[in-house]
Each structure stands twice: as C-alpha cells, then as structure tokens.
Amino acid sequence: MTLDDRLQNVAILGAAGKMGSGIGVLIAEEMAKLKLKPENKDKLYTLTMIDVNEKALDGLRSYTTAQLTKRGEKGTVQLRHVYGHRKDLIENADIINQFVQDSTSVCTYATDLSAAKKAHLVFEAIVENERIKIKVYKRLKKICADTTLFLTNTSSIPISYIDKHADLNGRLLGYHFYNPPVIQKLVEVIAADATISELKKIGEELGARLRKRLVPANDVSGFIGNGHFIRDGLYALKKIDELKGKFRFPGAMYIMNKVTQEFLVRPMGIFQLIDYVGIDVFQCILKVMRTHLSDAALRSKLVDKMVKFKVTGGQYTDGSQKDGFLKYEKNRPVGVYNIRSKDYFMINDRWKKSIDAKVGDLPEGYAPWKSLLMNPKKEEALKKHFDSLKRMDTFGAGLALDFLKRTKAIGQKLVSDGVADSPELVNEVLTNGFYWLYGPINEYV
Ligand SMILES: NC(=O)c1ccc[n+]([C@@H]2O[C@H](COP(=O)([O-])OP(=O)(O)OC[C@H]3O[C@@H](n4cnc5c(N)ncnc54)[C@H](O)[C@@H]3O)[C@@H](O)[C@H]2O)c1
C-alpha cells in the first residue's frame with residue numbers, strides 16, 4: 001500500500017492533546033490536497049480523531065478549523081494553484097474558506113478506539129505511560145487490519161519495548177514530533193530492530209511531504225532530544241541544591257534560569273523550559289528513562305515534590321503558560337517558587353539588582369537569543385560571546401562555563417552510548433527541536 005493509499009484512512013489517538021491536535025491539522029491538510037486531485041475525486045478520505053476526553057474533542061473542532069484557516073492564509077499562493085480549476089473562487093477568502101471546508105470535512109471525531117478499525121495508518125499521541133500505551137496497542141492490534149501501520153509520538157519509551165509487549169511484529173515506528181507539530185520542523189525517527197522496511201519508507205515519505213526535518217535516533221529510552229534535555233534539566237536541579245544555602249531557594253532558581261538563558265544565549269532558561277514542557281511530564285520521562293536505562297540517578301526529589309504539591313507548569317488551553325518553578329504573567333517570569341513556603345516569591349527590582357550583582361555582568365557585547373537568531377553573522381557573534389565569557393572571572397561566568405561543559409559532555413555521551421550516530425545529529429536535534437543557536441557539542445568550550 002502506498003502512502004497515498006494509507007492517507008485515505010487515518011486515525012489519531014490522543015487527538016485532543018497538545019501533540020495529537022497538531023498532527024491532526026497536518027494530516028487533514030495532506031488528505032485535503034490528495035482529495036482535490038482529479039484522479040482521486042471518487043475516493044473517500046477519513047481522518048478519525050479519537051480521544052477519551054469528550055469535552056476536549058469539542059474544543060478540538062474549533063482548534064482544527066482555526067489552525068487550518070491560519071495555514072490557508074499563509075499558503076494562499078499554493079492554494080491558488082491547487083484550486084486553479086475552480087473559476088468560482090476569486091477572492092483569497094473564497095479559496096481559504098474552500099480549503100478549510102475541504103480539510104475539515106475529512107475529519108470525524110470519536111471517543112472509542114474501535115473507531116480506528118478501518119485506519120491504514122494510526123498516529124498515537126496519548127499519555128506517556130507505557131502500561132496504557134501497550135494496553136491501547138494490544139486493543140488496536142485486535143481492532144485494525146493486519147496491514148495497519150502505527151506511528152508513536154512517545155518521548156521516551158523504547159519502540160522495541162512497546163512493539164514486543166503489544167506483539168506488533170515490527171508495525172511500529174517512533175515518530176517523535178516536537179511541540180507544536182504544526183510549527184516545529186523536527187521529527188525524531190526511531191526504528192526498532194523489528195520495524196518493517198515498508199513502515200520506515202512510509203515514515204520517510206511522509207516526512208518529506210510534511211516538509212519536516214527527519215533526524216534518526218537509536219532506540220534507547222529518551223532518544224536524542226529528551227536524552228539531552230532531561231539530563232540538562234537534572235544538572236540544573238542539582239545546582240539548586242548547591243546554591244540554595246547561599247542564595248536561598250528562589251535566588252538559586254533565578255540564578256540558574258538566568259545563567260542558562262542569558263549567559264548561554266538560549267531561547268529560555270532551563271526552568272522556564274521545564275515549566276513549558278510540564279514538570280509532571282518531566283517526571284514521567286525521568287521515570288521511563290530510569291526504568292529502561294537502569295539508572296537510579298535519573299531522579300529529582302525536587303521534581304517529585306513539585307508534582308506532589310500539584311505545581312506542574314504546562315499550558316492552559318489558550319496556550320498561555322501555567323505557573324511551575326516560575327510564576328508567569330503574559331508568559332513572562334515574574335516570580336520564583338519557594339519550596340519552603342509553597343508560594344511564589346515575586347521578583348522585584350531591588351532583589352533582582354542585588355542577585356544580578358552577585359552573579360556579575362554578562363559577557364561584553366551580549367546580545368539576547370532573539371536578536372542573534374536573525375543575525376547573519378551569528379556564528380561570529382557567538383564566538384565573541386564565549387571568548388569573552390572564558391576571560392571573565394565572575395560567579396556567573398563560572399557557572400555558565402561549568403554548564404556549557406556539562407551540556408557538551410551529555411551530548412558526547414549520547415554519541416558514545418550509541419543513542420545518536422554522530423555529534424552532528426545531536427546538534428541538529430537541539431538546534432531544530434529546542435531552537436538553540438548552536439549545538440551542545442561545540443568548540444566554545
Ligand atoms: N507535549 C510535548 O511537548 C511533547 C513533545 C513530544 C512528544 N510528546 C509525546 O506525545 C504524547 C502526547 O503528549 P501530549 O503532551 O500531547 O499529551 P496531552 O496530555 O496533551 O494529550 C494526551 C491526550 O491523550 C488522551 N488520551 C489519554 N489516554 C487515551 C486513550 N487511551 N485513548 C485515546 N486518547 C487518550 C488524553 O485525553 C489527552 O487529550 C506523549 O507520548 C508525549 O510524551 C509530547
């Protein structure tokens with residue numbers, strides 16, 4: 001069966017979630033494009049969006065329509081070509097409306113897995129829990145045809161483990177979209193030893209069609225992206241224990257967030273990133289990795305406490321940031337959690353000034369991530385930044401250099417442990433999936 005054949009009937013599990021909803025938009029668009037080809041005019045296209053949360057499915061309909069409208073608005077030039085035969089569609093608005101109608105009309109919504117029965121291709125993006133995933137795949141195996149292929153969005157569970165326990169005989173491929181799937185170019189692709197070649201080919205072809213950058217990772221828990229991010233986060237958490245005596249908990253958290261964002265010129269500080277991903281999700285991935293890698297060090301008491309206190313970050317349905325390690329107003333950090341009092345210490349100018357003074361100045365000529373992103377000479381600017389950092393003898397510069405070395409070592413270990421086939425692949429995942437300006441394996445340190 002070709003990819004075109006498979007795209008006639010697709011199911012998405014966990015369709016109302018963060019990842020499933022985005023994957024749904026991408027697939028609905030591809031299906032609409034196929035449906036519009038004259039040779040396919042008699043074919044039926046069905047995208048079944050399945051989620052156990054019925055209420056969330058309601059919100060999913062409006063999300064899908066809004067996202068497809070946005071994509072239509074951005075792609076009017078291409079859509080004019082697609083709808084070239086429709087002389088009745090004159091204005092851009094007519095074309096966009098028709099595109100939204102054509103793509104949303106392939107979508108059906110369901111709460112029960114049985115609705116995936118006729119799917120030729122299933123995207124699974126349900127909760128990151130191996131027991132639940134395996135249970136779902138066992139049921140899917142009974143419900144779907146023997147030819148149905150499965151793509152899992154798991155962030156950390158080895159593909160071979162799911163494949164084996166659900167008895168899928170190689171019909172499973174790790175297809176790890178990044179958040180949000182409609183925007184992020186990166187997809188980490190993880191084949192298990194058993195993954196059949198037909199599915200690997202479908203994965204490649206689909207990636208090209210969705211214009212994604214596919215990066216292969218080996219089938220080791222956490223893969224490349226989380227293999228790096230989780231250890232990076234754990235190191236920052238460990239540093240909090242070291243710094244909290246001198247700076248108290250909020251001060252330590254503020255410093256490590258500042259050092260990782262500003263001194264290392266990243267889009268977000270490490271604690272802002274953990275909040276963005278969700279502290280509960282971070283804990284969940286830690287647990288999976290700890291189990292599959294038999295590494296007791298993959299644990300954080302602080303993360304366990306935050307989840308126990310139900311302070312977990314993540315996003316509200318409108319996309320705004322929920323409070324976690326940091327408190328947010330209009331998505332900007334304005335406070336730091338105080339684990340002792342279980343409330344937020346609000347950052348004020350006086351406090352910030354006094355901590356910043358202890359951390360020390362930023363490297364000479366510092367430019368934030370956002371301005372370097374657009375800078376055509378960003379490599380040169382980064383080299384200057386890190387050269388200047390290395391010459392500095394401040395507390396902040398020391399912390400930043402230490403973190404830079406640790407981050408590099410984590411990346412190198414992913415290569416020596418066989419998770420990534422090369423340093424370039426590690427760098428590609430971090431630069432594309434996490435929007436870093438430079439890879440962790442670099443010559444700056
Ligand atoms: N959020 C991220 O940044 C991110 C990035 C990459 C990969 N992932 C992975 O993608 C998957 C989904 O993550 P998410 O963040 O979208 O989670 P989410 O909690 O936003 O969504 C999961 C959805 O699955 C639904 N669900 C749960 N059990 C189900 C079942 N048995 N059948 C059907 N639906 C079910 C839930 O109702 C929910 O809507 C996980 O494996 C996660 O590790 C997440």
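Which element supplies the largest share of the shell around the ligand? In this predicted model, the largest share comes from α2, which gives 3 residues to that shell. Helix α2 spans residues 18-35, and α6, spanning residues 130-143, is likewise an element that contributes at least two residues to the shell. There are 25 residues around the ligand, and those that come nearest are Gly-14, Gly-17, Glu-128, Ser-155 and Asn-179. Sorted by class, the shell around the ligand consists of 13 nonpolar, 9 polar and 3 charged residues.

Asn-179, one of the residues that come nearest to the ligand, also takes part in a cis peptide bond, in which its partner is Pro-180. The omega angle of this bond is about -5 degrees. Pro-180 lies in the loop that runs between β6 (172-177) and β7.

Helix α2, the source of 3 residues of the ligand shell, also packs on helix α3, which covers residues 54-74. The two helices meet at an angle of about 55 degrees, and their axes are 10 Å apart. Because of this angle, α2 is oblique to α3. The crossing of α2 with α3 is right-handed. On the α2 side, the contact is formed by Ser-21, Gly-24, Val-25, Ala-28 and Glu-29. On the α3 side, Leu-60, Tyr-63, Thr-64, Gln-67, Leu-68 and Arg-71 take part. The contact of α2 with α3 comprises 5 nonpolar, 4 polar and 2 charged residues.

The domain assignment of the chain gives two segments, with domain 1 at residues 3-217 and domain 2 at residues 225-433. Their centres, taken over C-alpha atoms, are separated by 32 Å. In the contact between the domains, 18 residues of domain 1 meet 17 residues of domain 2. On the side of domain 1 that touches domain 2, the elements giving two or more residues are β7 (186-191) and β8 (213-217). Strand β8 provides the largest share of this side, with 4 residues.

The crossing of α11 and α12 is left-handed. Residues Ile-279, Asp-280, Phe-282, Gln-283 and Leu-286 make the contact from α11. From α12, the contributors are Val-303, Asp-304, Met-306 and Val-307. By class, the contact of α11 with α12 holds 6 nonpolar residues, 1 polar residue and 2 charged residues.

A further backbone feature concerns Val-265, a residue other than glycine whose phi is positive, near 50 degrees. Val-265 is located in the loop between α9 (225-263) and α10 (270-277).

Note on methods: Residues are numbered from 1 along each chain as its sequence is written. This is a predicted model: local features need pLDDT of at least 70, side-chain atom pairs count only at pLDDT 80 or more; totals for chains, interfaces and linings use all residues. A residue is near a molecule or strand if its C-beta atom, placed from the backbone, lies within 6 Å of it. Ala, Val, Leu, Ile, Met, Phe, Trp, Tyr, Cys and Pro count as nonpolar, Asp, Glu, Lys and Arg as charged, and the others, Gly among them, as polar. Domain bounds come from an automatic or database domain assignment. Two residues are in contact if their C-beta atoms, placed from the backbone, lie within 7 Å. A crossing is left-handed if the near helix is turned anticlockwise from the far one by less than a right angle, and right-handed if clockwise. Axes are lines fitted to C-alpha atoms, for helices over the stretch in contact, and angles run from 0 to 180 degrees between N-to-C directions. Angles under 35 degrees count as roughly parallel, over 145 as roughly antiparallel, 65 to 115 as roughly perpendicular and the rest as oblique.
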